[in-house]
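Try each one before you read its solution.

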Amino acid sequence: MQQIFLLTLVTLFLKVSMAQSSSGNQAPAIEIVGNKFFYSNNGSQFYIQGIAYQADTANLTGGQTINDPLADFETCSRDVPYLRELNTNTLRVYAVNTSLDHSRCMDLLQRNGIYVIADLSEPGLSINRDDPEWTLKLYERYTSVVDVLAGYSNVLGFFAGNEVTNNASNTDASPFVKAALRDTKAYIKEKGYRKIPVGYSSNDDEQTRIAIANYFACGDEDEKADFFGINMYEWCGTSSFRTSGYSDRTQEFSNLSIPLFFSEYGCNEIRPRRFTEVRTLYGSDMTDVWSGGIVYMYFEEANEYGLVEVDGDSVITNDDFDNLKSMMASISPTIRNSASYTPTSTSLSCPATNQYWSAATGLPPKPNNAICDCIQSSFACVVNSNVDKADFAPLFDYLCANIDCSGIAANGTTGEYGDLSFCESEVKLSYLLNEYYKQNGRSSSACDFSNSASLASATSTPSSCSGVLASATSESRRGGSASGSSSSRAAGVNLAPSSSPIVTLFTTVIAFLITGLNMLLL
């Protein structure tokens with residue numbers, strides 16, 4: 001009887017031990033040394049063997065805008081065996097629904113040694129290359145993604161932008177992305193999360209690819225990218241290291257001081273894709289500079305980049321899948337160890353302004369909700385709440401043709417940013433309406449605009465706002481300036497720091513508060 005009892009205990013112990021082993025963390029946090037990734041637990045080098053993993057939103061219902069694969073356990077548990085067949089260790093997810101639970105999928109991926117790089121934006125809420133801003137809503141979106149994923153050790157990093165600047169005509173958008181990157185890194189630090197890398201994913205534009213990589217890799221540690229990805233589609237069909245252009249790209253980026261990888265790859269001009277570039281990407285010609293790549297993509301859709309077709313619970317692999325599986329099974333990249341690795345390049349100069357590059361090194365200020373709320377409470381004339389945002393543009397155009405709009409402007413070429421440049425459009429418009437109202441004798445007719453504006457029922461600035469407003473100007477000027485010139489985003493008005501009307505408004509409010517306090521003390 002005792003022998004049976006002991007045998008039962010031993011069996012239970014073995015089962016518990018096996019369960020603990022199988023559910024253990026197979027994805028220790030990834031760390032960065034120089035231009036390479038390393039496992040934090042043993043210091044061995046980590047190469048990204050990735051798949052872009054997110055279906056489109058065509059079949060979504062109920063007004064959803066994000067098809068989040070990390071929140072769908074049935075889908076991710078169905079697909080993990082196929083991802084394992086491809087020796088996948090990283091997934092790129094382009095949008096995360098922060099209102100959903102991701103724990104089951106993230107834990108499953110963790111147990112299978114699969115990491116995630118998540119884009120911080122979402123459809124309709126990202127930095128617009130044609131009218132770039134770094135606003136409160138964007139900051140809240142980006143930090144909300146950090147909050148829902150920061151607790152998982154298999155989050156390799158975040159992308160603060162994807163192909164925002166995509167040619168020489170919109171390089172002025174890059175300072176806004178770099179500000180987003182800076183503020184996301186600062187938020188991770190402020191919240192006490194582990195040091196999760198934040199980077200950028202660029203296109204492969206001939207005129208800007210070198211400058212943009214250097215731009216995001218240069219500067220102080222708190223504002224530069226931790227890694228840099230390039231969406232690379234140069235190798236099509238049967239090619240070679242030299243013929244494809246990979247040799248030239250490797251030489252061009254040989255001095256980049258942060259990890260570099262293909263954030264997308266897999267040209268589909270010739271199908272089935274043979275993926276012969278895989279052996280080169282993970283071979284000796286490239287691994288000194290590159291840290292792997294992410295194949296685009298898992299799901300077959302109208303663009304014909306998929307590795308599998310999905311029909312309900314059924315997954316059908318195609319020739320692309322088989323070819324990629326064969327190639328990934330054949331690689332054996334050189335593995336370094338962080339303890340014995342010494343980076344050859346640790347810093348990089350920012351790119352000079354030229355005909356193809358005109359992005360300021362001075363960045364937009366961090367969005368500050370307190371500043372926007374405090375200044376809004378002092379407006380006498382405000383936009384009516386029933387005015388649709390689609391109708392804001394004509395009001396902005398009229399106001400900026402008649403008064404100085406530099407207080408709300410942001411210029412990524414000169415590096416000059418107005419004190420309210422990060423506030424939402426309602427606050428900016430109310431600020432301009434209030435300035436117009438004051439400059440036109442505070443007449444009620446100057447606060448109407450065909451019933452688009454009205455006088456506030458009461459205007460008062462809380463005493464708690466004095467310190468906030470006093471610091472607002474210095475916060476907004478941190479961006480400084482850079483060479484080059486261009487019109488501002490607000491009716492062609494460039495910011496003039498020495499005479500900004502918002503500074504006068506801040507000064508007036510603070511003086512009023514100080515006077516009131518002195519009277520009380522007397």
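Buried here means under 20% relative accessible area, and anything over 50% is exposed. Keep in mind that this is a predicted model.

**Exercise 1.** Work out how many of the nine residues of helix 6 are buried, and what covers them.

*Solution.* 
- Start with the span: helix 6 runs over residues 209–217.
- Apply the cut-off, and seven of the nine residues come out buried, so the helix is mostly covered.
- Those buried residues are R209, A211, I212, A213, Y215, F216 and A217.
- Now look at what packs over them: the cover includes helix 5 (174–190) and helix 7 (246–252), along with strand 8 (198–202) and strand 9 (228–232).

**Exercise 2.** Is D79 buried or exposed? Find its contacts too, skipping neighbours within four places in sequence.

*Solution.* 
- First locate D79: it lies in helix 2, residues 73–85.
- D79 counts as buried because its relative accessible area is 0%.
- With those sequence neighbours set aside, D79 is in contact with Y53, Y298, F299 and V315.

**Exercise 3.** Classify D319 by its relative accessibility, then get its C-alpha separation from R273.

*Solution.* 
- D319 sits in helix 9, which covers residues 319–329.
- Its relative accessibility is 47%, so D319 is partly exposed.
- Finally, D319 and R273 are 46 residues apart along the chain, yet 7.6 Å separates their C-alpha atoms.

How values were computed:
Residues are numbered from 1 along each chain as its sequence is written. This is a predicted model: local features need pLDDT of at least 70, side-chain atom pairs count only at pLDDT 80 or more; totals for chains, interfaces and linings use all residues. Side-chain values use heavy atoms; hydrogens and water are left out. Helices (H or I, at least four residues) and strands (E, at least two) are DSSP runs, numbered from the N terminus. Buried means under 20% relative accessible area, exposed over 50%, partly exposed in between (1.4 Å probe, protein chains only). Contact means heavy atoms within 4.5 Å.
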